[in-house]
Amino acid sequence: METIGNSNNLFNRERKFLCRLVYSTVFLLLIYDLISSTALYQLHSPVLIYPYVDITYILFNLSHAGDIVTGSLILSYCFSIFLFLSCITIIIYPDKRFFIFSFLILYFFYFLVYNGYGAHHIHSKVGILFISVPFLFIGNNFMFTWEAVRYYTLFLYADFFFWKLFRLSWLNNKQGILIMKQNLIPLLYQHPDNNFSNLYYFFFNHYFYADILYRTGFLLEGIFLIGFFTKRFDKFLVIISLLLAIGFLFMADAFAFELLILDVTLIYSFRTEELINSFVYSSRAKTGKALIK
Amino acid sequence: MLITIICNLLGYEATPFFVWGMYSEKEIAPDAYEVQEIIINDSIRLDNTSGYTPSTRFYINSPLWYFIALKNNDNIDPTINFLRSKLKHNYSFIKPYEHVLFNDSSRINAFMPWYKNYLEGIAGIKIDHLKIINIKVHYSDQKIIADSNFIIGEWKQ
């Protein structure tokens, strides 16, 4: 006889699978940071800070925590080791939520150091933070937070769209070409015979096409709004997000591929009937009406 | 998500509740574009535009651009100017924490020694002499043409 009214046991199999999938990807991204010489101990005690007017960075700088950890080779080595270990232990023990909590704290700290001392608040690493949140929960709560992250993913692309829409930058005739020139002229100056030089020069001479590219990206971002009403096109949205990441790299030399980790919520989203069933199960469990098979 | 939406409506960012508004500001053509050349030991040019991963290039270029912005602003953190103009007399509340929150002269002076250490780490070369040249360029007829240049930072053993 199996009791299935305990909502904490629901979606355990899915949670384990997704947890291992997500953190295996995170592990590869940590290796990428290591190869890129941007692990904490590889930063050689950076000195310039950039809180701008972001309250999180202001509080972070007031705490001196960044200077203390990055300023000590031993502490920054230990930090990097713990960050890697916490990720590995999550892959081995996906049920132990303490490791996920530890990873989240450590990665948030790394995120603040990377951006704060990198003198620019890059957004792409935030995907790892948000995708970690559902794994802090089990059962129904896991599924609901997973769904919430799916909506956040849709929201962020829609937000790209709305900012461009309301700021009217999509009407600016040379928006596309000015973005390209600003970001690519250093590359073309140092490497005039780059593989893409001819293509870039073509856009420089025919700015109309660069603007078409920019406006196409703007419209593709707007398509994400459809995800708020139906899940039928989620796989299509994954392809669009990949195209947008390639577009950012081509037009602005901006690396946004780390953000694609959020796409896993579009690839694996729960069906509406599963959401309803789990809600019914949890309601019954709360009222003591456990289902018995 | 709710906090993010509120932040967006206010146009204020509080990490990790981002405003996703990149490239939404109307671009204005600058008078000239700026390019940096990083010269190691008087003979090697470090390739800061390709050859390294995007993350490495971010750490080579972004702090350097902020260092240039500090230099161009008479060694005063541009965020201080921004907050002074926004907060007016209320800035006096932040003033006592200026040295903790923003880049002061000690941080600015420490930049070139740090930069030398970081570049040694990624390039695997012992650096005795490091020179950063800021070059003003413009695009014309399938070419990027240099107009003027000056040394923005230098470190010697």
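**Close-up views of a predicted two-chain model**

A search of the whole structure, which is a predicted model, finds 50 aromatic pairs over all chains.

**View 1. The aromatic pair F160(A) and F248(A).** The ring centres of F160(A) and F248(A) lie 5.8 Å apart and their planes meet at 50°, so the pair is classed as tilted.

**View 2. The salt bridge between K16(A) and D95(A).** Over all chains the count comes to 14 salt bridges. One of them joins K16(A) to D95(A), with the closest N and O atoms 3.5 Å apart. This pair, too, links distant parts of the chain: K16(A) is in helix α1 of chain A, whereas D95(A) is in the loop between α4 (73-92) and α5 of chain A, 79 residues apart.

**View 3. The interface of chain A and chain B.** Here 75 residues of chain A are in contact with 71 residues of chain B, and the two chains bury about 6600 Å² between them, 65% of that area being on carbon and sulfur atoms. Within chain A, the residues that lose the most area to chain B are L48(A), Y189(A) and Q190(A), which together account for 12% of what that side buries.

**View 4. Polar and charged pairs across the interface.** Two salt bridges are found across the interface of chain A and chain B, and one of the bridges in the model pairs R57(B) with D253(A), whose closest N and O atoms are 2.9 Å apart. Across this interface there are also 32 residue pairs in polar contact, with both residues at pLDDT 80 or more.

**View 5. The side of chain A that touches chain B.** The elements of chain A that give two or more residues to this side are α1 (12-35), α2 (55-63), α5 (97-117), α6 (126-132), α7 (139-167), α8 (175-190) and α9 (197-205). Helix α8(A) gives the most, with 12 residues. Sorted by class, the side of chain A that touches chain B has 47 nonpolar, 20 polar and eight charged residues.

**View 6. The two domains of chain B.** Chain B is divided into domain 1, residues 1-29, and domain 2, residues 31-156. The centres of domain 1 of chain B and domain 2 of chain B, taken over C-alpha atoms, are separated by 25 Å.

Terms used
Residues are numbered from 1 along each chain as its sequence is written. Chains are lettered from A and ligands numbered from 1 in the order in which they are written. This is a predicted model: local features need pLDDT of at least 70, side-chain atom pairs count only at pLDDT 80 or more; totals for chains, interfaces and linings use all residues. Side-chain values use heavy atoms; hydrogens and water are left out. Domain bounds come from an automatic or database domain assignment. Contact means heavy atoms within 4.5 Å. Buried area is the accessible area (1.4 Å probe) that two parts lose on being put together, summed over both. A salt bridge is a side-chain nitrogen of Lys or Arg within 4 Å of a carboxyl oxygen of Asp or Glu. A polar contact is a pair of N or O atoms within 3.5 Å; within protein, one must be able to donate a hydrogen and the other to accept it, and residues adjacent in sequence count only if both atoms are side-chain atoms. Helices (H or I, at least four residues) and strands (E, at least two) are DSSP runs, numbered from the N terminus. Ala, Val, Leu, Ile, Met, Phe, Trp, Tyr, Cys and Pro count as nonpolar, Asp, Glu, Lys and Arg as charged, and the others, Gly among them, as polar. Rings of Phe, Tyr and Trp (its six-membered ring) pair if their centres lie within 6.5 Å; planes under 30 degrees apart count as stacked, over 60 as edge-to-face and the rest as tilted.
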